[in-house]
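Take a moment with the sequence and the 3D view.

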Amino acid sequence: MRETLFLKNTEAFAESMIRCGVRCHFAYPITPASDVMKYSSARLPQCGGRMVQMESELAVANALAGYACTGKLGATSTSGPGMSLMQETISFMAAGELPCIMLDAMRVGPGDGDIVGAQSNYHQATRGGGHGDYRVIVLAPSSGQEIADLMPHSVRLAYTYRTPVMFVVDGVTCQMTESTTFAEPHDYSADFDTAGWRFTGTKEHPKRFLLTGSYTHQQGYEMNERLRAKYAAIKENEQKWEEALVDDATVVVVGFGIHGRMCKDLVASFREKGKKVGYIRPITLWPFPDKAFAKLPPSVKSILVVEMNHGQMIDDVRLAVNGKAPVHFLGKTGGDIPMCTLADMSGMVGKLLDGE
Amino acid sequence: MQTLADYYGKTLKFDKLFSYCPGCGHGIVTRLVAEAIEGLGIREKTVSVVGIGCGGFSHHYMDIDAIEAMHGRSPAVAVGYKLGMPDNIVYTYQGDGDMSAIGLAELLHAANRGMPITCIMVNNSLFGMTGGQMSPTSLAGQVTATTGKGRDVHLHGFPLLVPELMRAMNGVAYLARETVVTPKTITKAAKSIRNAFACQIDKLGFSYVEVIVPCPTGLKKKVEDAYAWSANEALDYFKPQVFINKLEQSNEA
Ligand code: SF4
């Protein structure tokens, strides 16, 4: 049954993962992600699942990996300092080709940082905070509705590519309460057959073992080449973004998450005044939507990247733009208002339109 | 003609030579684990979660599924696995470095959680694979690669008594320390390992066996002398005993 609920967006994450078939949620308390586990601890038992509170993020991630070894899809939710602790195992899961769904409710860092929202984990999420040549698919929804809409897609990605999939949502969006319409519950993981790789005992298959290291240099090389090919396929096939009014734009604003959401109003207000401003909102942060930038029209004279950090996605924008137009940055993080306001963004776009 | 497989069953593989050094205690413990699995008839539904170090190779000599976990996290992986497949049998096989140093938190919380998984710690009082450094279980005064003048307990702490840490935990169904330094003790170790798996099969709770073994290479001793050292020095501190056995209680009931 479709249902519209008025929830915090952390709760929307929990509700949508449960509706998509996730039956085990491993977590450790951390602000602002803790509401996910509070919600799922009450809700999952109603559907035959459970929230498993572990003793640390290290244990969370490893229990998630052990669960994935049985061919089932588990989830976790945390924030920056917790995500840092999970990195060893995310590298392990990427190498072991184990699927899972993760939420990083981003707050400001480094160190223990502060609990206010931020987008400071862009580099960690998209570059792989752990060691080795690996990538994780990173989705950056900008509302509770988009979290719910992306959840079935994330399950498909996790199983199709056998990889961890991470939602990065800034702490501001996570704490917002809004109406979200959830689709009919459906166990999307049941649509995928894991019999070809899961570690369920030799009754089902000849001996299998999960080895993320290598015994010979040749084996190690082959594993890394296999991963390289997989990441190339993801890069080619899975870029996602939203854009509007780019075709004739003079200035294009780029933002993800909450700043991406604000672009809609920003651009509308400039267009009302006849100013040619458009926007691109990356939805996948890895793979970064290079394709959106490959087709930028010659009318574009400047690009403005707005982030809730000191400038992280701007690196990817510059690579994608590849010198076709100057790329500028506006960013704020931390404090009582931890983000750029619409006025800040309008002021900067105005300057760029004036050719400053 | 009777083959080794006819005699031992399928769990232990004979087509691969052990990578363990000659005289290493791992060889005996690996065989005991394989025999327990074979004897209990659980081979086809058993998965081993091995640690980093020499013990990480143990599953290569068995025809069972296996997961090689990182950095002592095997018990947490086993907990997650058991949640996914509650009717399968999962055990961790780790050395004292992997389990009592970097992985101690995961072990103790898994024990306290009481979920029916089995953990086996092969304790040779040092880090074997990385070159004989001090482990939490190195004895006072023990010379290792990183304690050239012997372990000074005031600097490095005291040798860690791992099962003693777990004996007050209600979730623990079987808890024992054994050794394989003599044929007689091997028979006792075999029984404890089997009991630990039996506890899991009966879903009685968490089970754990520590096995004191020699590492001739890390100790830099001849095989004979390494066994004598374990039998005398190590067992003097790490006393073999069964601390908890809920199998007996459940049989009595
Ligand atoms: S280094 Fe020690 S523990 Fe490792 S295989 Fe050799 S004897 Fe055994």
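Contact here means that heavy atoms lie within 4.5 Å. Keep that in mind for the first stop. The model is predicted.

Start in chain B, at B:Thr147. This residue sits in the loop between strand E6 (133-134) and helix H6 (153-156) of chain B. Is B:Thr147 buried or exposed? Its relative accessible area is 2%. Buried means under 20%, so B:Thr147 is buried. Leave aside the neighbours within four places in sequence, and B:Thr147 is in contact with B:Met134, B:Gln142 and B:His156.

Which residues are around the ligand? They are B:Tyr20, B:Cys21, B:Cys24, B:His26, B:Cys54, B:Asn124, B:Gly128, B:Cys215, B:Pro216 and B:Thr217. Six residues of this shell are nonpolar and four are polar. None is charged.

Now turn to chain A as a whole. Its secondary structure comes to 12 helices and 15 strands. The radius of gyration of chain A is 21 Å, close to the 21 Å that the globule rule gives for 356 residues, so chain A is as compact as a globular protein of that length. Along the principal axes, the C-alpha atoms of chain A fill a box of roughly 70 × 50 × 40 Å. Of the 356 residues in chain A, 60% are buried. Take the contacts in chain A with a separation of 6 or more: 78% of them join residues 24 or more positions apart. Chain A exposes about 13,600 Å², and carbon and sulfur atoms supply 52% of that area.

Some backbone details come next. Most residues other than glycine have a negative phi, and most peptide bonds are trans. Chain A has cis bonds to look for. The peptide bond from A:Thr31 to A:Pro32 is cis, with omega near 0 degrees. A:Pro32 lies in the loop between strand E2 (24-27) and helix H2 (34-43). The bond from A:Trp286 to A:Pro287 is cis too. A:Pro287 belongs to the loop between strand E13 (284-286) and helix H10 (290-294).

A:Leu245 is not a glycine, yet its phi is positive, about 55 degrees. The residue lies in the loop between strands E10 (241-244) and E11 (251-254) of chain A. A:Leu245 is partly exposed, at 45% relative accessible area. In chain B, B:Lys220 also has a positive phi of about 55 degrees. B:Lys220 is in the loop between helix H9 (216-219) and helix H10 (223-237). Its relative accessibility is 68%, so B:Lys220 counts as exposed.

Key:
Residues numbered from 1 in each chain as written. Chains lettered and ligands numbered in written order. Predicted model: local features only at pLDDT ≥ 70, side-chain atom pairs only at ≥ 80, totals over all residues. Heavy atoms only, no water. Helix = DSSP H or I, 4+ residues; strand = E, 2+ residues; numbered from the N terminus. Buried < 20%, exposed > 50% of the residue type's maximum accessible area, 1.4 Å probe, protein only. Near = heavy atom within 4 Å. Nonpolar A, V, L, I, M, F, W, Y, C, P; charged D, E, K, R; others polar. Rg over C-alpha atoms; globule rule 2.2 N^0.38 Å. Areas by Shrake-Rupley, 256 points an atom, 1.4 Å probe, with all protein chains shown as cover.
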